[in-house]
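Q: I would like to learn how to read some features of a protein model. Could we go through one together?
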Amino acid sequence: MKALKLLSLRGALAITVAVLCLGTAAASADEIKAKFGTSLPDSHPQTLGARKFAELVDKKSNGRIKITVYSGAQLGSDQQMQAALRGGTQEFTAPSTATLANLVKEFGVFGLPFSFASEKQADAVFDGPFGQSMLAKLADKDLVGLAYWENGFRHFTNSRRPIVKAEDLAGLKVRTMQNTLYIDLFSGLGSNAIPMPVNELYSALETKAVDAQENPFTVVQAQKFFDVQKYLSTTGHAYDAQVLIASKKFWDKLSAADKKLIQEAAREATLYQRQTSRELNAKAREELAKAGMQINDVSDAERQRMREKLQPVIAKHQAAVGEETAKEFFAAIAKAPK
Ligand code: EAX
């Protein structure tokens, strides 16, 4: 009798396992559709990276996972898209670390001014243990951090005057990202900081609602800010990364095999995105000058003066992100090759 029971138990178990395997196979056999929203135009490396990522996922899944890219804030601002990912109504986006800092305060550490000396150093920090440990913090906010892409070193543009010395920033109405560090940074230099999403910025510059903004060359070019900004001064006050993130609600439904292929695609897309960003950035300065911008290099001495003026802001935000996080960040920078 006992043997009979054992046999029927084994039989039931075998059927359950078979159904589960079939179920998984069926799940991974189903077509998956996903939306990837970017806040910048088609020509910007953020969107170029998104399209490469979508192409790689399509190829690695044999056409089963279809990611559609919506550029230029068609799906909303960086913060609205982050909310959509958290709610599970959008699957991917790649915002600056600055706006993510509103969800995970430690991400504010990446915006501490004048921290990085080169893209090479930034790559080492973001791809190393510190950067990867930061991605893990996104899970608590229903987000999955997949990789760091490049936005680049941020420079200052305005319609009033060249920025030659720190004092030249005083009194200017400066658009900042929606992030308290950036607001304090420009207030700390005597400007009037006005936070807003990047997709509202062109019209704010055109109507002179703001005099100035700060972004890498590639954003100035892709957003055609050269039409409404006369002066570009190479402050290089921060290196900005964009984080390729997925909705955790979407991610948790994927099979292990699909997660793996998406992670592989993210890694390959990151190499392409950074290389493309650097190639376009190298050409953008000359193209912006040809488009009529008056470009001046801010001296290292003046950049150092700005950094000194910003010490109270840096101290405030080191405390805000957590002294331990700040310590680990600067230790990672010190170890990274320049
Ligand atoms: O996230 O908002 C900004 O100025 C950012 O540099 C850009 O949109 C990439």
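Q: Which residues lie nearest the centre of the largest cavity?
A: This is a predicted model. Nearest the centre of the largest cavity are S39, D78, R175, M177 and V198, and the whole lining comes to 20 residues. Strand 4 and strand 8 are the elements that give two or more residues to that lining.

Q: How many cavities of 30 Å³ or more are there, and what space lies in the largest cavity?
A: The count is 4 cavities of 30 Å³ or more. The largest cavity holds about 170 Å³ of space.

Q: Which residues have the most contacts inside the largest nonpolar core?
A: In soluble globular proteins, nonpolar side chains tend to be buried together. Here the largest nonpolar core has 51 residues, and F107, F110, F116, L138 and Y148 have the most contacts inside it. Two or more residues are given to this core by each of several elements, including helix 5 (119-127), helix 6 (129-136), strand 4 (143-158) and helix 14 (323-335). Strand 8 gives the largest share, 5 residues.

Q: Which residues is F110 in contact with, leaving aside its neighbours within four places in sequence?
A: With those neighbours set aside, F110 is in contact with T97, F116, F126, F130, M134, Y148, Y239 and F329.

Q: What other core lies apart from the largest one?
A: Another core, of 27 residues, lies apart from it; I32, F92, L244 and W251 are among its members.

Q: Is M81 buried or exposed?
A: M81 is buried because its relative accessible area is 0%, and the cut-off for buried is under 20%. The residue belongs to helix 3 (residues 78-87). Not counting residues up to four places away in sequence, M81 touches G37, T38, S39, L75, G76, Q90 and T93. One of these contacts, S39, is also among the residues nearest the centre of the largest cavity.

Q: What separates the C-alpha atoms of M81 and V228?
A: The two C-alpha atoms are separated by 27 Å, and M81 and V228 are 147 residues apart along the chain.

Q: In which sense do strand 5 and strand 6 pair, parallel or antiparallel?
A: Strand 5 (residues 173-176) and strand 6 (residues 192-195) pair in the parallel sense, over 4 bridges. Between these strands the chain passes through helix 7 (residues 180-188), and the β-α-β crossover is right-handed.

Q: Which residue of strand 6 is the bridge partner of K173?
A: The bridge partner of K173 in strand 6 is N192.

Technical notes:
Residues are numbered from 1 along each chain as its sequence is written. This is a predicted model: local features need pLDDT of at least 70, side-chain atom pairs count only at pLDDT 80 or more; totals for chains, interfaces and linings use all residues. Side-chain values use heavy atoms; hydrogens and water are left out. Two strands pair if DSSP finds at least two bridges between them. A crossover is right-handed if, with the strands pointing away from the viewer, the path from the first strand over the helix to the second runs clockwise. A nonpolar core is a set of buried Ala, Val, Leu, Ile, Met, Phe, Trp, Tyr and Cys residues joined through side-chain atoms within 4.5 Å. Buried means under 20% relative accessible area, exposed over 50%, partly exposed in between (1.4 Å probe, protein chains only). Contact means heavy atoms within 4.5 Å. On a 1 Å grid over the protein atoms alone, a cavity is a set of points where a 1.4 Å probe fits but cannot get out, and a pocket is an open set with protein on both sides within 12 Å along at least five of seven lines; lining residues have an atom within 4 Å of a point. Grid points are joined across faces, edges and corners, and a volume is the space filled by probe spheres set on the points.
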